[in-house]
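Good morning, colleagues. I shall present a few local features of one structure, beginning with the terms on which they rest.

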Amino acid sequence: AAQETTVQMPTWAMARATFDAVGGFEEVPAEDLLFFHAHLDRAARAERPLLRVGSREEPLLLYRWTASSMTSTVDRRTLLQARAAAFERRVLSDPRWATFTVWGAGRDGKAFVAALSA
């Protein structure tokens, strides 16, 4: 079965200064996902946030996945924990989100809510 993944780092292009400002990779499982979220955290604080590039008609990149891809070895709970932590940092840290309701969540939605720290 295919796992949900982000667009992996080898498909990205950025200035070395941007890479260094984000802090590079952590040598842990899901390092590309953690870098991706750190990059988004940094962009959210920037004067000019990330820009969308490309369109459905003219995609900027194509990503090829195979069953032997390294991404396939990362446990889905590791990916879930990284996403939940990023959601807490970027969304739930805002006082306007002190309370919220989740309804109609399937298996993945329930697991996501359960992964939140509070």
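Helices (H or I, at least four residues) and strands (E, at least two) are DSSP runs, numbered from the N terminus. This is a predicted model, in which local features need pLDDT of at least 70 and side-chain atom pairs count only at pLDDT 80 or more, while totals for chains, interfaces and linings use all residues. Residues are numbered from 1 along each chain as its sequence is written, and side-chain values use heavy atoms, with hydrogens and water left out.

I begin with Phe100, which lies in the loop between helix H3 (76-92) and helix H4 (107-115). Buried means under 20% relative accessible area, exposed over 50%, and partly exposed in between (1.4 Å probe, protein chains only). Phe100 is partly exposed because its relative accessible area is 36%.

Let us turn to helix H2. His37 sits in this helix, which spans residues 31-45. Is His37 buried or exposed? His37 counts as buried, because its relative accessibility is 9%. Its side chain makes a polar contact with the side chain of Arg90, at 2.9 Å. A polar contact is a pair of N or O atoms within 3.5 Å; within protein, one must be able to donate a hydrogen and the other to accept it, and residues adjacent in sequence count only if both atoms are side-chain atoms.

Ala38 is also placed in helix H2. Ala38 is partly exposed, with a relative accessible area of 27%. The C-alpha atoms of Ala38 and Val22 are 6.2 Å apart, with the two residues 16 residues apart along the chain.
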